[in-house]
Amino acid sequence: MRHENIRINRERLLRRLEEMGRIGALEGGGNSRLAFTEEDREARDLLVGWMRGAGLDVRIDRFGNITGTRAGLEDGPPVMTGSHIDTVATGGKYDGVLGVLAGLEALETMNDAGIETKRPVAVTSFSNEEGVRFQPDMMGSLVYQGGLPLDEAYAIVDRDGCSIGESLERIGYIGDAPVGGNAVHAFIELHIEQGPILEDEGSTIGAVEGVQGISWTEYTFAGRSAHAGTTPMARRHDAGYVAAAVAAYVRRLAEEVGRGQVTTVGVFEVEPNLVNVVPERARITADIRNFDNGLLKDAEDKLNAFVTRTADEEGVAVERRTLARFDPTSFAPALVEKIGNAAERLGYSTRRIASGAGHDAQIMARICPTAMIFVPSVGGISHNIEEYTSDEDCEAGANVMLHALLDLAE
Ligand code: GLV
Ligand code: MN
Ligand code: MN
């Protein structure tokens, strides 16, 4: 193996993580950088500056995906890495950001060492991975891959009716480059695990074999507001009650389906939200995930049947909207193997692992051989301002990425 002794510049990587973490910083730690907001723009500007400073060829596409490319000795499909710099509204400073900054770090390390690779190597920051403000999640990679047409993506609106097209325009990130359309040799994404497995088992590097399927549905219930004291129970059309019953069922569903099923109601709103008024309207979301698509479909069917029955019994109308639906994804075994081997060569403990969270890599897997590298999350905590991954583990993940990229770029 050539370049066996090369390592990333840990101080530079950590300094940049710190600096990025100041944009949209929250009291008590963590970040809020929702997609296509001012905070997102600021983070993009910082990243683009670093990419240009590293001498990369920086291109911004029509959906705001930012790619920095380091030329190879030959033209042709690049080896790509990347992730995202948007966050949930209560996010940590590692989710997504580590992958983008470690990719940049790997390319700069190649510069510093004067390494020439056969293939170009590129790092991308995909737009709107989190899907909190605009659904679905993994949207930048989805548009890049061709799974969502650009004009349809522009037309998606947030809760205030503001469209992605307008928002992207406002932050100045509708670039000139076409979105996707070029061949990619391979894609590798470094990410924090966001769960407890690596930490519990004392492993530093997870070679990720796949990602579970994701199903997001929004349910809006319409009943009739009424006086809480005078309306007999049998004459109510209580949207809040139906929402609460469904939310409780979503939780039970995980047990009912079992075998790795996870379920969450993350949004719960009632109107008019007053102590003595029967709720007229309610809106909830269900996030249900499973590694087995058959089981996931089974869970979706069970939930829909429960929703219909409960709403009917209460005389409440229901409107369903699919916000996201991704099948489970398997990564390329040869790449998973390369990541495991690179970790071993570098002396890091490693194990195979599966991803509970969604990632841009699962979309990229549709167009090229893809795999991921995980590093531990302390306490398994993520989508929380307390999210933390140690400096040593960030460094380890970046080193494994560097070596996997070099291997693939030869
Ligand atoms: C993306 O962060 C997800 O919801 O898994
Ligand atoms: Mn992420
Ligand atoms: Mn996330």
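**Loops, rings and a ligand**

Visitor: Where does P136 lie?

Guide: P136 sits in the loop between β4 (121-125) and α4 (139-145). Helices here are DSSP runs of H or I with at least four residues, strands are E runs of at least two, and both are numbered from the N terminus. This is a predicted model, where local features need pLDDT of at least 70, side-chain atom pairs need 80 or more, and totals for chains, interfaces and linings use all residues. Residues count from 1 along each chain as written, chains are lettered from A and ligands numbered from 1 in written order, and side-chain values use heavy atoms, without hydrogens or water.

Visitor: What makes the bond joining Q135 and P136 cis?

Guide: Its omega is about 10 degrees. There's another: E271 to P272 is cis too, with omega near 5 degrees. P272 is in the loop between β10 (268-271) and β11 (277-278). Most peptide bonds are trans.

Visitor: What stands out about phi of N273?

Guide: Phi there is near 65 degrees, positive in a residue other than glycine. N273 also belongs to the loop between β10 and β11.

Visitor: Why are F36 and F63 called an aromatic pair, and of which kind?

Guide: Rings of Phe, Tyr and Trp (its six-membered ring) pair if their centres lie within 6.5 Å; planes under 30 degrees apart are stacked, over 60 edge-to-face, the rest tilted. F36 and F63 have 5.9 Å between centres and 80 degrees between planes, so they pass as an edge-to-face pair. They're 27 residues apart, in the loop between α1 (10-20) and α2 (38-53) and the loop between β1 (57-60) and β2 (66-70). The structure holds seven aromatic pairs.

Visitor: How do you know which residues surround ligand 1?

Guide: A residue is near if one of its heavy atoms lies within 4 Å. That gives E129, E130, D137, W216, R289, A357, G358 and H383.

Visitor: What makes the E130 approach to ligand 1 a polar contact?

Guide: The cut-off is a pair of N or O atoms within 3.5 Å. A polar side-chain atom of E130 is 2.9 Å from a ligand 1 oxygen, so the pair qualifies. For H383, a polar side-chain atom is 3.4 Å from an oxygen of ligand 1, so that pair counts too.

Key. A polar contact is a pair of N or O atoms within 3.5 Å; within protein, one must be able to donate a hydrogen and the other to accept it, and residues adjacent in sequence count only if both atoms are side-chain atoms.
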